[in-house]
Structure formats: structure tokens, C-alpha cells
Amino acid sequence: MRVRGSFLMSLYLFQTLNGLGLGLIYFLMGLGLTIIFGMMNFVNFAHGVFYAAGAFICYQFIAWTGMFWVGLFAGPIVVGLLALILERFLIRRLYASDHAVQILVTIGLMLILRESILLIWGTVPKNVSPPEILSGVLLIGDFAYPKYRLFIIGVTIVASLGVWLLLERTRFGMTVRAGSENPIMVSMLGVNTSKLFAATFALGVTLAGLAGGLMAPIRGASAFMGAEALGIAFVVVVIGGMGSFVGALAGGLIVGLVQSFTSGFWPEGTNVMIYSVMALIIMLRPNGLFGRS
Amino acid sequence: MSTSVPFRVHIAASVIIAAALPFLVPSTVLATEILIFGMAVIGCNLLLGYTGLLSFGQALFFGAGAYIASLTAIHWEIGLIPVLLLTILAGAILAAIVGYLAIRRQGIYFVMLTLAFGQLGYYIAFLAEEITGGEDGLLDVPRPPLELPLLPDMTFANDASFYGLTAVIFVLCFLMMQRLVDSPLGSVLKAIRQNEKRAEAIGYQVRLYKIAVFAFSGAITALAGGLYAMMLNFAPLSNIDIETSEQILFMAVLGGLGSLYGSVIGAGVFLVASDFFSELWPRWMLLLGLFLVVVMMFAPGGLWHGLVVGFERLRGRHKTSTEENDHG
Amino acid sequence: MLTKGKMIVAAASALMITSGVATAAELTIYNVASVSGAFANFGKQAEKGVKLAIEAKGKAAGMDLKMVTVDTESNAGKAARKVKAVIGKDDAKFFIGSTLSSTALAVGKEVNKAGGIYINGSGADEITGKQCNKSMFRWSAPTYGAVNASLTTVLDRNPNIKTVYTITPKYVFGEAMLENAKILLEKRGIKLVGNSYHSLKESEFSGYIGQAMAAKPDLLLLLNFGSLATNTIQQAVNFGLKDKMKILLVWSNGIDHLRTLGPKISEGIYFGSQYWHDEEAPANKEFVALSRKMFGETPNYPMAHYYQMTKLMLDAIDKVGTDPVKIRAHLEGLSYAGITGDEMIRAEDHQVEKYFYLLEGKAKADMNDDDDLAATLSKKKYFLPTSETGCVLG
Amino acid sequence: MVEALLDVRNLTKRYGDFHALNDVTMKVEKGSVHGVIGPNGAGKTTFFHCIAGTTPSSDGEIVFEGRNIEGLPQHDRPGLGIGRSFQVNSLFPDLPVIENLRLASQALEPIHGFIFWRAVVHKDIDQRRAESVLHRLGLDGEEQTLVRALSHGQQRLLEVGMALMAQPHLILLDEPTSGMGVDDVPKMINLIKGLREECTILLIEHNIRLVSEVCDTVTVLQAGAVIAQGTPEHISQDEHVKSAYLGEEL
């Protein structure tokens with residue numbers, strides 16, 4: 001019985017820590033979505049495909065240079081640049097539109113980008129290996145955790161902290177927020193709101209690209225990975241409250257923990273649990289856990 | 001009252017659509033599918049085009065309709081009409097429940113609730129293998145015979161006779177729904193879409209109307225799903241997948257919101273085009289995406305609105321663009 | 001009115017193109033494959049396989065050969081509708097292929113109703129079991145064969161394996177795989193220390209891997225497939241499971257999985273496979289040479305099995321003509337030299353008895369060329385006795 | 001003294017610690033035109049929202065025709081005889097004028113709105129009433145015009161018409177002339193003057209000319225509280241009011 005007990009203990013410990021780790025990864029997926037919504041009230045259903053694009057560009061640069069770090073760096077940057085172009089010609093026309101219109105247009109954009117990925121990289125998913133220094137596991141007693149996952153958690157913490165500081169503690173963040181409330185006022189103050197919005201959109205998408213690049217060594221790069229990521233990102237953000245930074249963090253952790261623990265007692269039901277939790281939270285709290293009304 | 005098109009025109013138009021369609025598309029089966037999805041798209045249009053509710057849960061009603069019709073047809077020998085009535089009823093009840101829960105939230109939270117219910121439906125159908133067949137779907141779905149008093153029983157074994165059945169049901173549904181959108185209820189729905197606050201302020205209990213329109217949408221979408229299962233003799237899991245919701249939405253937008261003709265055109269063009277392009281180019285969905293973006297950005301009235309404008313121009317009496325909206 | 005006239009002309013010509021009006025001296029093979037949608041990687045290669053077989057054959061029973069692809073869009077409903085449509089419109093009779101069991105089952109019902117012939121390569125047991133029918137043939141080992149052929153070899157080579165943990169997709173196919181594995185393990189006195197089910201839309205496996213890690217098995221037995229399987233392996237290797245236990249993926253896509261994972265990950269991992277291009281059988285050597293000549297590539301599983309299925313169909317037609325009844329009679333009990341060696345079609349359930357491979361991923365240093373990703377450890381045939389399949393041909 | 005149609009007692013509306021309305025008590029006499037004025041942010045629109053049921057009040061009573069309607073949902077109030085217009089045009093822009101009016105009168109019979117089996121027909125609207133309302137609004141012949149095609153001034157008038165269609169006993173007009181051109185204001189004044197024969201009017205207004213011309217009684221709100229009440233002449237002399245409006249155009 002003692003053996004059984006310690007087995008369960010270490011399993012619970014694993015599930016908790018793994019859930020937290022997963023939660024942070026999900027937080028990173030949702031962060032860009034929530035920023036774009038919070039700042040510009042824009043619903044981006046193409047978020048998932050940017051995530052997939054990040055993974056593929058990361059793969060491509062590694063294939064060219066043989067260096068993981070170049071890929072990890074290039075993924076988000078290239079995706080961010082793509083976002084700037086799309087923002088210039090398409091997205092900015094939608095800021096004033098209904099959510100329904102935004103959703104439908106970005107679904108169209110999602111299809112265009114997904115099929116383009118299939119055109120460029122073919123239909124067979126690609127593999128990305130983590131760099132040598134990060135492969136293998138970290139052993140703490142009986143407990144093993146991949147170094148690479150720890151690395152993702154580290155990057156997520158650094159990146160999200162950076163974003164938080166940028167939005168909450170700099171002039172940029174304040175003007176963007178003011179601009180979303182009253183664009184005319186801000187532009188009268190001599191600030192170029194359209195540039196500001198473009199930058200914010202690109203920032204959000206860059207975060208999706210970063211998440212995609214980071215996840216590539218865990219899940220590979222597949223054109224269809226975006227749909228699942230979009231689902232998770234939305235669940236995370238909606239649970240926490242659309243537009244809330246802290247909410248996305250809470251949402252990510254909740255989803256990560258729910259998923260990790262459900263995989264223990266009702267594995268085939270993880271998705272049922274995740275969507276039930278989301279539905280329940282929206283029913284009980286109209287604007288998610290931390291959303292503004 | 002308003003300058004609406006006389007009802008006999010709708011009767012003629014829907015009969016012509018149903019009669020001509022098999023000759024316009026490559027196969028009878030495709031024609032059947034177009035009418036079936038036309039009905040599902042009308043269900044979506046009632047919500048989005050007339051009431052302003054974007055539902056990502058349409059596949060739930062479509063899939064549930066397919067399962068209910070299949071299960072009743074497989075296990076009970078009760079004839080076609082009871083099977084379809086049960087399907088309609090189940091769809092209406094399910095949609096009313098989803099609607100009741102989802103409309104308590106606004107905007108993106110509403111959309112996400114419909115999405116969540118849709119996803120839950122999918123996973124439950126997937127896990128309830130014993131009932132739904134899970135991933136394999138329900139095979140050998142029969143087409144129950146139509147038992148009418150005084151007439152011999154009718155069966156629908158071949159494609160042409162099943163098309164005939166679908167066409168009759170389609171025309172009836174189309175006309176009922178056309179009646180609905182021109183009715184006092186339809187007027188309230190349009191009012192809710194245009195100005196929900198005012199509708200409430202002049203005394204309409206908006207929530208009840210939204211639940212009602214959900215029920216109608218669920219009923220017709222489930223009926224479509226049930227017919228689809230009978231058409232295929234098969235109820236696949238993909239019926240209840242989120243992609244089906246997306247496709248239904250897609251057809252609705254493409255054809256034009258706020259017009260039932262738009263819904264039928266949207267279903268027709270989408271299905272014919274996807275059939276045609278999927279054989280030419282594996283990446284045809286890229287065109288689909290492009291279509292969606294272009295329609296939403298530059299022609300929010302969809303194909304139907306484009307046709308109306310084109311027709312008016314041709315007749316040289318194209319007036320202000322505001323006037324056509326009314327005909328929708 | 002003029003535009004309307006034009007439209008009708010355009011519509012009519014579109015009709016002609018799509019319907020592929022068949023002339024008397026032309027034979028059309030309908031290739032049911034997922035060219036678009038989530039399983040698009042299959043369809044493209046599948047088409048190549050059918051084309052190769054047609055190319056190699058030239059003519060069958062004196063008729064020119066033609067392929068029409070029925071794109072399933074990775075959706076069983078669409079597949080059923082499109083197959084219904086070509087049957088209704090063109091009186092189509094000869095169908096090849098399908099990626100998904102659900103699709104194959106639905107298509108099989110349609111083709112049977114129309115009295116055609118349908119050869120597919122899907123995995124679910126029902127196809128030559130409870131749901132079998134007289135028009136449907138299957139060229140691929142079902143779960144029983146796959147599990148027994150691969151697991152037996154792994155256990156024989158690693159006598160120290162005493163405990164096993166399984167990861168299974170929760171649906172009919174996965175259940176059947178698990179059931180077969182349980183029976184075999186019990187027979188050999190090996191303990192199944194745990195199993196994790198997951199849904200078909202899963203992409204995060206760390207939870208299940210954690211469970212497996214805690215159970216400390218000697219062998220991690222993966223009963224899933226496709227991208228679910230690559231994700232599982234990738235994440236299992238991330239968690240360092242490869243150093244602690246053996247890993248066997250029973251139902252792999254062969255070279256596609258190995259390419260996707262890369263030698264660094266796949267080295268030392270066991271892969272069960274329906275096909276491997278290194279097979280020495282003459283029919284395979286011919287096929288591989290043809291593929292390299294025509295497409296400049298080493299064939300993968302989709303290409304190979306679509307090639308073999310088409311070849312079976314064409315050879316039969318060449319021999320007995322286009323009457324499906326005669327073709328069926330000819331195929332039943334037929335022994336022939338196939339791409340996996342000697343193959344035989346059982347008359348009782350239309351299951352092709354073919355070999356199933358067990359591969360082991362090679363280290364990069366040991367590879368002779370880019371496609372030499374694995375070594376063949378064994379090829380075996382295991383099939384349920386026909387009395388146990390539950391098939392009644394109807 | 002005539003009996004009070006609307007008797008508001010100690011009405012309070014709190015948002016957290018902020019009192020949008022603080023202990024407001026007033027009576028609106030039947031058949032009168034009652035103006036509510038006050039500087040921006042005084043709580044005028046909140047006051048209307050509470051009476052119309054758009055937002056629930058926190059405390060107090062709203063007695064209408066002898067019945068406390070506090071807590072009754074918004075959509076039930078038009079049926080009791082309370083109609084309202086909005087400060088910003090809030091109509092159904094893609095429906096014709098007549099359909100807007102019809103919807104307003106149909107709402108009085110909630111069950112009628114669920115008729116789905118037949119088209120809208122002539123008898124669905126009281127034709128004489130509709131014609132008389134249109135005539136009053138000066139919109140004769142515009143029945144089939146889409147609302148979005150009307151001028152802003154015409155839409156302001158239709159705002160009042162919407163409330164009027166439901167044959168209200170009390171009509172709440174939220175800044176009926178806001179955004180109206182100078183030429184159109186007299187039309188609104190005439191409309192309101194004509195209304196007092198059939199219903200009681202409670203209005204919010206910034207246009208002091210209108211207030212002094214049409215109102216019998218004026219209540220002045222400041223920071224959510226009543227600071228003065230009386231005839232327009234009386235109010236214009238009130239020191240409190242003058243200081244409240246200091247810096248604001250009266």
C-alpha cells in the first residue's frame with residue numbers, strides 16, 4: 001500500500017506541476033488574442049493560423065541555418081511582419097465593425113493562410129528538434145520534466161512580463177488604451193492612432209507566432225494545428241475575461257490544470273471538461289473571471 | 001403592409017427552384033444536398049440575418065437532427081412523417097435550450113457559448129458510441145416510407161424519388177419561413193437586429209423572441225440534418241463537427257444575409273463550387289477563404305444582393321441602394 | 001437574356017467536364033481519397049499510386065484507363081454523397097481506397113447497393129467483420145494482424161519486457177487495438193499496468209505520458225495513429241521515456257512518420273507498418289523502380305497501397321472483363337505476387353492476407369540514404385480465422 | 001389640485017458608492033407638461049431610465065396611476081401606458097416609417113408579436129391612429145420611406161411618434177430637440193403642445209426656450225438630487241438654480 005500511496009503522490013504532484021506548465025503555455029497562446037481584443041475590441045479568429053505559421057517559419061529557418069535559435073527568433077518576427085501587412089490592407093478596416101463581421105472575415109483569412117501553408121510546405125507535418133542543450137529531462141527525485149518545457153515556461157514568463165510592462169507601464173500602452181476608448185481624442189493629441197493600432201495588432205500576432213515556434217518541438221508543425229490552438233486560446237481568454245491580462249493567466253492555468261487532472265481520471269473527456277468549464281464560467285460570470293463589463 | 005413581394009411570387013419562385021435545380025447541377029444527389037443545406041442555411045439566416053445572432057452551434061442542431069431521424073428510422077417503424085416530426089420537435093427543443101442559455105450573454109460571450117455547446121455536442125456524440133456509432137457514424141439509415149391516408153405507401157429508394165420528397169419538403173419549409181420573416185414575428189426579429197434596445201423599450205420581451213427564433217432555427221436545421229442522413233443512408237460524426245457550423249455560416253454569408261433566396265443561392269454556389277474546385281485543385285479552400293473575405297469586405301449583401309442590384313441596373317430603374325434592403 | 005444564355009452554355013460545359021463522359025473504350029477507376037481537408041497528406045500520394053498502376057498497366061481488357069478522384073474532403077458524409085453522385089450519374093462501378101474507416105464503411109455500403117467493386121485499405125475490423133459486404137475488399141491488415149505481427153516480434157526480441165502501458169484513442173478502432181493487445185499480452189503472461197484513453201482531437205499528451213511514466217512499464221505501446229501518434233512520440237521522447245522503456249507504435253504510416261519525426265527521435269523506436277519500400281518481393285522492386293522513375297521519390301504507404309489496390313482491380317478486369325460479379329468471383333480466393341510478397345484474398349470475408357512489417361528507427365549515422373530511416377525486423381501475417389470475424393457476406 | 005399621475009418617492013440609484021440619483025421625490029400631475037432640467041451629469045437620463053425600467057432603481061418607489069411599478073421589467077411598462085423617446089435617435093433604420101409605428105403599437109399586445117404563420121396585414125395596425133400620428137409628425141405620405149432616408153429632424157419627430165403610437169398616458173421625452181436644426185425646433189414645440197390634450201408629458205430638455213414655452217412645472221436636478229421645483233417663472237428666479245447653472249448656458 002505504501003508503494004501505491006507514493007505512486008499516487010508523485011502522480012498528483014506531476015499532474016499539478018504539469019498542469020501549471022501547460023497553463024503557462026496556454027496563457028501564451030491566449031495572450032495575443034486578449035491584447036488585440038482588449039485594446040481594439042477586435043475578435044481575431046485567425047489567431048490560430050498565425051500560431052501555425054510561427055511553427056512553420058521556425059521550422060524553415062532551422063532547415064536553412066541549422067540553428068534552433070535563429071528559427072525561434074525568426075518565427076515570431078516574420079509572422080509579426082505578415083501581420084503588419086495584413087493589418088494595413090485588411091484588418092484596420094474592421095475595427096469599427098460588428099464582432100460577427102470580424103469573426104467571419106478572420107475565418108476567411110484563416111482559410112487563406114492555412115491553405116497557403118499547405119501550398120508552401122506540403123501536407124506532411126514537419127518535425128522540429130529542440131536544441132541539444134535543452135533536450136532531455138530534469139530529474140528531481142522521481143519526478144522528471146523535460147528541460148525544453150521548462151524553457152518554454154521561462155520564455156513565457158519573460159515575454160508576458162515584458163508585454164505587461166509595455167502595456168501597463170509605458171506611454172505606448174497608455175496611449176493604445178486611450179486610443180481604443182476615444183480614437184479621435186488621441187489623434188487630436190498628435191498621436192498617430194492607426195500606427196498604434198497596427199503595432200498592437202502585430203504585437204498580438206507576434207505572440208501567437210512565438211507560441212507556435214516554441215511549441216513546434218513538442219507538437220511538430222502542421223497546418224491544422226491552428227484550429228486546436230484557436231479553440232484553446234479562446235477558451236483561455238473567455239474564461240479569464242476578454243481583454244484581461246490577469247484573466248488570460250488565470251484562464252490558462254485553469255485550463256492547464258483541468259486538462260492535466262482530467263487526463264488522470266477521465267482521459268477521453270478532457271475536451272468535454274474544458275468546454276464545460278468555459279460554459280459554466282460564462283454562465284456564472286457574464287464577463288469571465290476578470291473581464292470588464 | 002410594407003412593400004413586400006406578393007406571396008404567390010414566392011410560391012412560384014420556390015417551385016421553380018426545386019423543379020429546375022436537378023437540371024442545373026451535375027447530379028441529382030448534389031441537387032438534393034443543395035436543397036437540404038439550403039434549409040439549414042435558412043435556419044442560420046433566421047438567427048444571423050434577421051435577428052443578428054451569430055451562432056456557432058448550428059452543427060449541433062444539424063447533427064442532432066441527423067441522429068434523431070436515423071435512430072427513430074432504424075429502431076421504430078413509424079413511417080416518414082412521425083420521424084420527421086420528432087426530428088423537428090427535438091431540434092426545436094434543443095435549440096430553445098441552447099438559446100435560452102446562450103442569449104443571457106452578449107457579443108463575443110454569446111458566440112463562445114454557442115461554440116461551447118456545439119463542441120460539447122460533438123464530444124458527447126463521439127463518446128456515446130453505443131448510440132451514435134461514434135467515429136463510424138450510424139450506417140444503414142433507412143428512408144422510411146410515406147404513409148398517407150387513401151394513398152398507397154410511397155418509398156424513396158432511388159435518388160430521383162428522394163429528390164422529389166426533399167423538394168416538396170423544401171418548398172413547404174421555404175414558404176413557411178418566408179411567411180415567418182414577413183409576419184409580425186419576423187418584423188419584431190428585424191427590429192431586434194436593428195435596434196435591440198428600442199425593441200425592448202417599446203415593450204417587446206426580447207429574450208422570448210430570441211428563444212423563439214432559436215427554436216425555429218433549430219427545428220429547420222434539425223429537419224435538414226435528418227433529411228441529410230436519409231439522403232446518405234448514413235449519419236456521420238462530421239455532421240455535428242464545428243466545420244459543419246462554419247460551412248453553414250459560410251453559405252449564409254456568401255448568399256446574402258436577410259434574404260431566404262440568398263440562403264438557397266449560398267448553399268447552391270458553395271456546394272457546386274466546392275464540388276467543382278475540389279476536383280481541380282486540392283487547395284480550393286483558399287479560394288473559399290478569399291470569397292469570404294471579399295464578400296464580407298466589399299459586398300456584405302452577398303450574392304443575392306449583387307443579383308438584385310444587377311437586375312435593377314439591367315432594367316434601368318436602379319434607385320437608391322437603401323430601397324433594395326426592404327425586399328430582402 | 002444574352003448573359004443567361006451564356007451562363008447555360010458555361011454550366012453545360014462545366015457539366016461535361018465534371019461528368020467525364022465515358023466512351024465505350026474507356027474504363028474509369030474512381031479513386032476515393034482525402035485530397036483536401038485534415039488528411040490531405042494522404043490523398044496526394046494516393047493519387048500517385050493509382051496513376052502508377054494505371055501507367056504500368058496501360059490498358060485493361062482492351063480499354064483505355066482513366067482515373068477520377070473523388071475527394072472526400074476528409075469527411076465521411078461528403079465521401080458518401082460524392083460516391084452516390086458518381087454512381088447515380090455515371091453508373092460508376094470500380095472504386096479504390098479511403099483513408100478513414102468511417103468513410104470506407106459508408107462508401108462500401110453505397111458501392112454494394114450499386115453492385116460495384118470496392119477495394120479499400122482501412123483499418124477498422126468491422127470492414128471485413130460485422131459490416132462486411134460482397135462488394136468490399138480490404139488490402140491492409142486489420143487491428144488483429146497489426147497488433148500480433150508487431151508486438152510478437154518486439155516481445156520476442158526483448159524477453160525482459162514484463163510490463164506494458166498503452167495509450168489508446170477512444171473509439172472503435174482504438175478499442176479493437178487494445179482488445180487484441182490485451183489478449184496477446186495475457187497469453188504471454190505480461191502485465192498491462194495501465195492504459196490512457198484520449199480523444200481523436202487531442203494534441204497534448206503530457207498528462208498521459210505522466211501517467212505512463214509513473215507506472216514505470218518496460219514497454220510503452222501506442223495504439224493511436226497519424227498525427228496523434230507523432231505528437232505522442234515526440235512528447236514521450238521529450239519526457240525522456242525513450243531511455244527508460246521501449247516504445248512501439250503499432251499502426252504507423254511507415255516512412256511518413258519516420259520522416260516527420262526525424263532520425264533523432266525515431267532511432268530505436270519500433271514502428272509497425274503495412275508497407276516498407278525495402279521489401280525484396282519482385283512486385284515491390286518493380287513498383288519502387290517505377291515510382292522513382294516517374295516521381296523521383298521513394299513510395300510511402302498511401303502510394304503503395306493505392307497502387308496495389310488499383311493493380312488488383314485492373315488485373316482482375318483484364319482477366320475477366322468488367323462484370324462485377326465475375327470480378328468478385330475471380331478475386332475470391334485469388335493468390336498473387338503482391339508488393340509485400342505472396343498475398344491471398346480470402347473468399348469468406350474479402351480480407352487480403354498480406355504481410356505486416358515491424359521496423360526499428362535507425363540512427364542518422366547508420367542511414368545509407370535519406371529514405372533509409374528504419375530497418376525491417378520482421379514481416380508477418382496474422383489474421384483472425386474467418387470463423388471469428390463475424391462476417392456474413394451480403 | 002389634480003391627482004398625480006406619477007408619484008416618485010425617495011428614488012435612489014447607486015452605482016457602487018456613487019449616487020446617480022439621491023432621494024428624488026416628485027409628482028407629475030395628470031395632464032401637465034413637466035420638465036426636468038439640470039446641468040450635465042445631474043442624473044436626468046438616469047431618472048428616465050428608472051421610470052422607463054431600462055435600469056433598475058436601488059431604492060424608493062415609482063407609483064404610476066396608483067400602482068408601484070418599481071421593479072417591473074422594462075418591456076412591461078409600455079403596456080401600462082408609459083411611452084418614451086430617446087435622446088439619440090433610436091429607431092429601426094432599415095424598416096419603413098409605418099412599420100416602425102406598427103411595431104410600437106403591436107408591442108401592447110405581446111402575443112401578437114409571435115404570429116408567424118401569416119404576413120403582416122392591414123388590420124395589424126390601427127390605421128386611423130397611424131394616419132393621425134403621421135399627420136401630427138408632418139410625415140404624411142412617408143409611410144413607406146425607410147427610416148434611414150428621413151432627415152435627422154424627421155427622425156426626432158418619429159422618436160416621439162413611436163411613443164405616441166402606444167397610446168400612452170405618460171410620455172417621457174428625452175431631449176426631444178437634441179441635435180435638431182433651428183428651423184425644426186418649432187415643429188417639435190408644436191407637436192408637444194398638441195400632445196398635452198391626450199397625455200401627460202415628462203421631458204428632459206436643455207432648450208430653455210422650449211421649457212419655458214411648454215412646461216407647466218419644472219423640476220431641477222443637480223448631482224442626483226432635486227434642488228428646486230415650480231413653475232418656469234419661479235425656477236428662473238431661484239438662486240440655487242442660478243448657482244447650479246453657473247458657467248453653464250441657461
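Between chain C and chain B, about 3200 Å² of area is buried, and carbon and sulfur atoms give 58% of it. Buried area here is the accessible area, taken with a 1.4 Å probe, that two parts lose on being put together, summed over both. The size of an interface is often given this way, as accessible area lost when the parts come together. On the side of chain C, Arg81(C), Lys84(C) and Lys201(C) lose the most area to chain B, together 20% of what that side buries.

A word on the source. This is a predicted model, in which local features need pLDDT of at least 70 and side-chain atom pairs count only at pLDDT 80 or more, while totals for chains, interfaces and linings use all residues. Residues are numbered from 1 along each chain as its sequence is written, chains are lettered from A and ligands numbered from 1 in the order in which they are written, and side-chain values use heavy atoms, with hydrogens and water left out.

Back to the interface. The contact, meaning heavy atoms within 4.5 Å, takes 36 residues from chain C and 35 residues from chain B. How many salt bridges are there between chain C and chain B? The count is five, where a salt bridge is a side-chain nitrogen of Lys or Arg within 4 Å of a carboxyl oxygen of Asp or Glu. One of them pairs Arg81(C) with Glu33(B), with the closest N and O atoms 2.2 Å apart.

Which parts of chain C supply this side? Helix 1 (2–19), strand 3 (63–71), helix 3 (76–90) and helix 4 (101–114) of chain C each supply at least two residues of the side that touches chain B. Helix 3 of chain C gives the most, with 10 residues. Helices (H or I, at least four residues) and strands (E, at least two) are DSSP runs, numbered from the N terminus.

Now the other pairs of chains. Four pairs of chains are in contact, and chains B and D share the most contacts. Chain A and chain D have no contact, and their closest C-alpha atoms lie 13 Å apart. Chain C and chain D do not touch either, with nearest C-alpha atoms 32 Å apart.

Last, chain A. Its secondary structure comes to 11 helices and two strands, in the order α-α-α-α-β-β-α-α-α-α-α-α-α along the sequence. The radius of gyration of chain A, taken over C-alpha atoms, is 19 Å, close to the 19 Å that the globule rule gives for 293 residues, so chain A is as compact as a globular protein of that length. That rule is 2.2 Å times the number of residues to the power 0.38.
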